[in-house]
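Subject: Structure for you to look at

Hi,

Here is the structure I said I would pass on. Have a look at it first, and then read my notes below.

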Amino acid sequence: PQEPVSAAFRRFRTKASSDWGASFLEPDMAAYGVLRSEEAALFIEYDGYWRHRELSGIAADMRKNRALLRLAPPGSRIVRICHAPMNAADGVDYIHTPIWQCNSESALIQIVSGVLRKLLHVIQDNLQESVVKRLRSHLGSPRLCLCARQFVGNSSVVLPYQHRFERTALWLSNLGLSNLQVGNTVDSFPCLLGLSIEENLNPKVQWLKGLGLSDSQVAKAVASSPQLLGYSIEENLRPTVQWLKGLGLSDSQVAKAVASFPQILGHSIEE
């Protein structure tokens with residue numbers, strides 16, 4: 001606790017193993033002297049990036065957990081702050097917290113307070129009494145320091161991409177896409193992050209369902225051809241459907257054609 005804040009952000013040398021191939025470990029934060037076992041370390045990891053929720057990301061985090069606990073003195077613990085519920089493991093606790101609404105000081109205070117409460121709940125028995133008292137004092141009168149307030153003020157420049165990504169990723173996930181499909185969808189059509197969920201994305205999904213596509217067919221269409229979410233219903237999508245009907249296709253045949261080959265909606269009628 002008496003060390004400078006910079007000392008909490010360290011890179012530790014370690015021997016490469018079959019479980020951890022690198023020659024170093026770099027936890028997001030490492031704090032010594034806060035646990036009852038004074039030699040032990042408390043590692044804090046923030047799993048905010050969406051890949052932490054993929055199976056491969058979860059497996060990588062588990063490997064890092066094992067490597068950290070193998071390197072650290074006995075009694076060390078890991079706390080992972082994440083945006084999806086996870087089950088605690090030996091020496092590892094998870095704190096599930098909502099995504100911060102950027103540029104909102106009150107929202108940040110609420111989330112920080114929530115993290116502190118959950119931190120006390122999961123590892124209070126492992127913390128030194130003086131640390132518990134300090135955490136409780138912050139809960140009693142939650143406020144942001146000057147640096148934190150400046151961070152909030154700058155968040156409109158620093159965080160909009162991450163905020164848009166998290167919202168869009170959650171929307172795609174609720175639509176039925178897997179974590180892998182979410183990542184591939186955004187990678188192949190990054191303009192998706194600039195589209196309004198309420199004004200652009202939801203109306204497109206409802207329009208596709210109106211054609212006769214099921215929920216799973218809509219999810220499959222978006223995953224295979226996310227560009228269709230960027231087309232105008234009136235200028236692109238509806239005219240293409242009318243053209244297909246003009247060829248003699250019935251409503252059910254049009255729905256089947258779009259479900260099987262959603263890219264057809266992006267083809268030019270004239271060309």
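Before the details, one cut-off: I call a residue buried when its relative accessible area is under 20%, and exposed when that area is over 50%. Please also keep in mind that this is a predicted model.

Cys82 has a relative accessible area of 5%, so it is buried. Cys191 comes out at 55%, so this one is exposed. As for disulfides, the structure holds zero of them.

Now the chain as a whole. It has ten helices and six strands. Its radius of gyration is 24 Å, whereas the globule rule gives 18 Å for 271 residues, so the chain is more spread out than a compact globule. You can see this in the C-alpha trace too, which spans about 80 × 45 × 30 Å along its principal axes.

On burial and surface: 40% of the 271 residues are buried. If you take the contacts with a separation of 6 or more, 56% of them join residues 24 or more positions apart.

Charges next. There are 28 positive side chains and 25 negative ones. The centres of these two sets lie 4 Å apart.

Two residues are worth a click while you have the model open.

The one I would pick out is Lys64, which sits in helix α1 (residues 55-71). Is Lys64 buried or exposed? Its relative accessibility is 12%, so it counts as buried. What is Lys64 in contact with, once its neighbours within four places in sequence are left aside? The partners are Trp20, Leu25, Glu26, Pro27, Glu45 and Arg80. Two glutamates, Glu26 and Glu45, are among them.

The other is Ser104, found in the loop between β6 (92-96) and α2 (105-123). Although in a loop, Ser104 has a relative accessibility of 15% and so counts as buried.

Cheers

Terms used: Residues numbered from 1 in each chain as written. Predicted model: local features only at pLDDT ≥ 70, side-chain atom pairs only at ≥ 80, totals over all residues. Heavy atoms only, no water. Helix = DSSP H or I, 4+ residues; strand = E, 2+ residues; numbered from the N terminus. Rg over C-alpha atoms; globule rule 2.2 N^0.38 Å. Buried < 20%, exposed > 50% of the residue type's maximum accessible area, 1.4 Å probe, protein only. Contact = heavy atoms within 4.5 Å. Lys, Arg positive; Asp, Glu negative; His and termini not counted. Charge placed at Lys NZ, Arg CZ, Asp CG, Glu CD. Disulfide = S-S within 2.5 Å.
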